[in-house]
Amino acid sequence: MNAVKTGAALSVLLLAACGGEDQTRDVSGADRAYQETLMAALLDAEPGDVIEIPAGLFVIERGLSLTVDDVTIRGAGMDETVLSFAEQRQGAEGLLVSGADNFTLENLAIEDTIGDAVKVTDGDNVTIRGVRVEWTNGPSTENGAYGLYPVQSTDVLVEDSVVIGASDAGIYVGQSDRIVVRNNRVEYNVAGIEIENSNHADVYGNVATNNTGGILVFNMPNLPRPGSGTRVYDNDVFENNTGNFGHEGTPVASVPAGTGIIINSNDAVEIFGNRLADNRTGHVIISSLFTAGFSELGVSEDFDPWPEAIHVHSNSYEGGGNNPDGLELQALKLAVAGPLGAFPNVIWDGWVDPEKTVDGELPAELRICAPGEAVLNMDGPNDYADPRIVTLDCTLEPLPEVELDR
Amino acid sequence: MIARLALAAAAGLALAACRGETAPPEPVFHAGEMPAALESWGQVAVSGGRLVLGEGVTAYDLNTALFSDYALKLRTVWIPEGAGPAAYDAREAFAFPVGTVITKTFYYPAGEGGFDEVVRTREAMLHFDGSALDLSGVRLIETRVLVHRESGWDAAAYVWDEAQRSARLSRTGDFIDLTLVDASGAREAFSYLVPNVNQCANCHETDTAEGGIRPIGPKARHLNRDFDYAGTRANQLERWRELGLLEGGPAADEAPSNLAWNGEMPLPAMVEPAARGYLDVNCAHCHSRTGPADTSGLFLEPWEPVGPNLGLCKPPIAAGRGTGGRLYSIVPGDAHASILVHRMESDRADIMMPELGRALADTEGVALVAAWIDQMAGGCG
């Protein structure tokens, strides 16, 4: 009976949120006392504990933190248990989990944090399942940066979750190893899903729509580890046409609206079996650090800016590429496809490491391959002087599956 | 047996206190639980209108201190009899033996407008005479305790009561609403944050691979300065060696030393060392190659070479709104275009750096770091 009542109350709230433009969820009637209980439970947690949070709408005013191994935080469902940070006064995250192995977060919602919603650092065996993160006023530059943010962790699973409204990336896995991101829905974020400076990632079964860019695989300079070995497959990536509302200076701020899947400076990425539709700039973009517009003075000498061993194959494409973001891309489209035409399904900025080429070509195992697709080579190295449609008819060995034992 | 002795000693003290005597408290190492009352540690105690140090407890100060909303800090260290001295380290915090207790009492000079009004000053250790803090003009806020146990270091915060007589353990932390009054009479209300136990780790877990927390302040370069001990002025490293708190390491004039800085803008030639010292003590416990902020690739320890990892022309990694629309951590010659300065200036939870431990910007610290950046030649092209 109680659960039914709470559910009904929540759906009224949700309706109210949809009705009012730019309105954050009303928390005036929410439970304010429970936060002390939850904070104490996190501080007193011991390995093996399951911290169950009941159904309800709870106001949390200070960032939550956990540092203990083998703890599960579990709600009654992503629409039933809602932690609202709409009145947060302190903390750069909603929930910060640091140095805690075997951590599980499941079946709850975290809303309207000032900064990142959930950050998990230095964890081994991190599971985030059935979690909804949402900025309830819709996409806004004022929203927090990351939704679900595991970093410097190993054996990371993010599944069955929903992230809406992040001003940077909805699901962002950084500097980690062995990652599975599957069956999530990411909507109205600047970047839907981002894998950055990470190794061995499988991203599949996700729906990415209405973001600025759907799925990103990036390497950033000056970090301890470069990333490689990501498979992006069997995802629905459509209508990622929301105007970029990222903060200038952030890596995602340079992603053009209408981007389906983009690889920047990362290596060994396989993109296959995805369904891409109506991404207005381009479905798959392959680019180097040079296109991101950073200062060369600010890049560590050992950084490898060139994307290599990229394999794009067996995807389905529909529409898109017909109305790219920004004047420069508009002009480029006009030049290569005419006023009524569209960019090809794959766009490549054209940068190749001159030190690795043999007779003008990369060795077979480092090539960019998109068999059967027309590819736009933007001719970045020559200041975009001769953009042209090319074919990259090669194939690469399939990347291995990421196996987590759960 | 030892516990029984400690209890007996504590009981004796309590009796002494009832008779109005002023024997210094007897320090106690609690090897397991965190006691509920600060007094149980015997490191500092209120006696005769003064906060006095326990027997064998040594006060110390740092060359440049971490900024915490202009709070003044009385720092102490105590090593139990027989536990032996801490081992010198040229870079990291000294290796203190099990049993060591370090405390930091946060306080402000009291304002004239009531209990919650406090005075803004940067005069370190004001009202401390080398052995005790005169409480007549002071608002005590909290005392943080770091204790080295067999299992590693533990931390706790104790919040002082309104009577300013005792402090109670605060595990979940607290907000204390205060008003800061400056010399011109300008008032600024803010919420002082007492951290919870986990938040202690946000700063003190300086090696995320090893885990656990450890002290940040007691490093050679922070301690290497003179200090006014009751009656004598001496270099802290030398004094600690005399007292049996420290062993090893070079003579003070050979040991590393950050510039002592307390808010004044230094001469141009000293701006760089002062700014690097400021970033060291305020930022580098996280922004190091082992600390929690190693995810950012911004490393601010004093030995980091000038280059991208020190922030020069470095694009941010996960700054979100923290960029303030700026492109690089440090734009040489242009503090205003530098993310670093933006994050120091801000008091918004998702922008400000450090992420914890302040609700106010450090105006003088921002000016110092900005002056350093403005002094640099170049730009990012």
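The exercises below, each with a worked solution, concern a predicted model.

**Exercise 1. Describe how helix H5 and helix H7 of chain B pack against each other, and determine which residues make the contact.**

Two packed helices are described by the angle between their axes and the distance between the axes. Begin, then, with the geometry: the axes of H5 (residues 268–283) and H7 (residues 363–375) of chain B come within 9 Å and cross at roughly 120°. Because of this angle, H5(B) counts as oblique to H7(B). As for handedness, the crossing in which H5(B) passes H7(B) is left-handed.

Next, list the residues that touch: H5(B) contributes B:Pro268, B:Val271, B:Glu272, B:Ala274, B:Ala275, B:Arg276, B:Tyr278 and B:Leu279, while H7(B) contributes B:Gly365, B:Leu368, B:Val369, B:Ala371, B:Trp372 and B:Gln375. Finally, sort them by class, which gives ten nonpolar, two polar and two charged residues in the contact of H5(B) with H7(B).

**Exercise 2. Characterise the interface of chain B and chain A by its contacts, its buried area and its salt bridges.**

Start with the contacts, in which 43 residues of chain B meet 48 residues of chain A. The size of an interface is often given as the accessible area lost when the parts come together. For chain B and chain A this area is about 3600 Å², with 52% of it on carbon and sulfur atoms. Within chain B, the residues that lose the most area to chain A are B:Asn198, B:Ile317 and B:Arg321, which together account for 18% of what that side buries.

Then turn to charge: the rule finds three salt bridges across the interface of chain B and chain A. B:Arg348 pairs with A:Glu142 in a salt bridge whose closest N and O atoms are 3.5 Å apart.

**Exercise 3. Explain why the salt bridge of A:Glu87 and A:Arg32 ties together parts that are apart in sequence.**

Now place both residues in chain A: A:Glu87 lies in the loop between strand E5 (81–84) and strand E6 (90–98), and A:Arg32 in the loop between helix H1 (2–19) and helix H2 (34–43), so the pair joins parts that are 55 residues apart in sequence.

**Exercise 4. Locate the cis peptide bond that joins B:Met353 and B:Pro354.**

Omega of the bond between B:Met353 and B:Pro354 is about -10°, and B:Pro354 is found in the loop between helix H6 (339–345) and H7 of chain B.

Technical notes:
Residues numbered from 1 in each chain as written. Chains lettered and ligands numbered in written order. Predicted model: local features only at pLDDT ≥ 70, side-chain atom pairs only at ≥ 80, totals over all residues. Heavy atoms only, no water. Axes fitted to C-alpha atoms, helices over the stretch in contact; angles between N-to-C directions. Helix = DSSP H or I, 4+ residues; strand = E, 2+ residues; numbered from the N terminus. Parallel < 35°, antiparallel > 145°, perpendicular 65-115°, else oblique. Left-handed = near helix turned anticlockwise from the far one by under 90°. Contact = heavy atoms within 4.5 Å. Nonpolar A, V, L, I, M, F, W, Y, C, P; charged D, E, K, R; others polar. Buried area = accessible area lost by both parts, 1.4 Å probe. Salt bridge = Lys/Arg side-chain N within 4 Å of Asp/Glu carboxyl O.
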